[in-house]
Amino acid sequence: MDHILSGIKPTGQLTLGNYIGAIKNFARVQNEGEAFLFIADLHALTLPIEPADLNKNSRDIAAYYLAAGLDPKKATIFLQSDVPAHSELAIILQNYLYMGELSRMTQFKDKSSKMKEEAIGLGLFAYPVLMAADIVIYDSKRIPVGEDQTQHVELARDLVKRFNNRYGDVLVMPKAEVAKVGKRIMSLSDPTKKMSKSDPKGDIYLSDDINVMRKKIMSAVTDMEAHVHYDPEKQPGISNLMTIMSALTDKSFEDIEKEFEGKGYGDFKRAVADCVVAEMEPYKAHYEEIVKSGLVDKVLEDGAAKASVIANATLARVQKAVGLYNKK
């Protein structure tokens, strides 16, 4: 079975975009291979974050994973920081990625451009190195990611080629997988920007009350076209709402257009809100049950133990390849 790896960074509250683009998909891929689905808490340290928030967010993500139907018997669920081999491997692999490559990464350029140069941490610059270590340490072939993370997977592929050309067939070649529908859910207040945990009006947080979710959808920015049609360029707001409905109901954009032909945006928004509520109401209830059960810590502990077996084997293989590992 192919190894599948993906994770979510615990910075801020999770959104409907995280659910549609990642978590909902995780429940499917756990049946398609050996899935390693982690919480990227070390990556969260690249920008300032309160310790209490990091701790709570990390456990919340694990609970949201379980609430979505992830089964610890099928998927290995763990905290990145609970498997020290990630960091150890990153220290080695940083020697096979170059400063020019890292400085061209879109995420680094976007985030560093908003900071004073003296405030840019090494962790932010070297983020792709640790992410590459995350990917290759589980011999992962399939990497479900958001559209904005494909560049990091491509860099990991370059690393694998470079490393294997020098040392032989040591690392497994990964490939990014981006969902066809729901790969990029946009802000409800500004549909030209991704829903990104930092816009209380435009983001639907998984922690929001159901009525708040409904109100946010009903207040979503639309346009003056007055018809439901999928066109991200001319109608980004309506197209975003159509994407949400399609991802939650499996209806095609064409079917949604036919269903709301001749109807106003009010009718359409109410229908989208109904879809979101129908999905989120039981999901949120299940999440609360899991939090109260105390299951999260046990799942993370067991997951880290299972993940460490494979991670340590890969680390040892790399150490031996570069001349650091002498044990037979």
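## Parallel strands

Strand 2 (residues 34-39) pairs with strand 3 in the parallel sense over five bridges, where helices (H or I, at least four residues) and strands (E, at least two) are DSSP runs numbered from the N terminus, and where two strands pair if DSSP finds at least two bridges between them. Strand 1 (residues 3-8) is also paired with strand 2 in the parallel sense, over six bridges. Ile 39 has Leu 79 as its bridge partner in strand 3, and Ile 8 stands opposite Ile 39 in strand 2.

Because five of its six residues are buried, strand 2 is largely enclosed by the rest of the structure; buried means under 20% relative accessible area, exposed over 50%, and partly exposed in between (1.4 Å probe, protein chains only). In strand 3, five of five residues are buried, with Ala 75, Ile 77 and Leu 79 on one side and Thr 76 and Phe 78 on the other.

## Basis of the model

This is a predicted model, in which local features need pLDDT of at least 70 and side-chain atom pairs count only at pLDDT 80 or more, while totals for chains, interfaces and linings use all residues. Residues are numbered from 1 along each chain as its sequence is written, and side-chain values use heavy atoms, with hydrogens and water left out.

The buried residues of helix 3 (residues 85-93) are Ala 85, His 86, Leu 89, Ala 90, Ile 92 and Leu 93. They cover an arc of only 160° around the axis, which puts them on the same side of helix 3; the arc is that of the directions from the helix axis to the C-beta atoms. These buried residues pack against strand 3 (75-79), helix 7 (127-136), helix 8 (150-167) and helix 13.

In helix 9 (residues 210-218), the buried residues are Ile 210, Met 213, Lys 216 and Ile 217. Seen down the axis of helix 9, they fall within an arc of 125°, so they line one face of the helix. The face turned away from this buried side carries the exposed residues Asn 211 and Lys 215, whereas the buried residues of helix 9 pack against helix 10 (236-249) and helix 12 (265-293).

## Helix 2 against helix 13

Helix 2 (residues 51-67) and helix 13 (residues 295-322) pack at an angle of about 90°, with their axes 10 Å apart; axes are lines fitted to C-alpha atoms, for helices over the stretch in contact, and angles run from 0 to 180 degrees between N-to-C directions. The contact (heavy atoms within 4.5 Å) is made by Arg 59, Ala 62, Ala 63 and Leu 66 of helix 2 and by Leu 295, Val 296, Asp 297, Val 299 and Leu 300 of helix 13.
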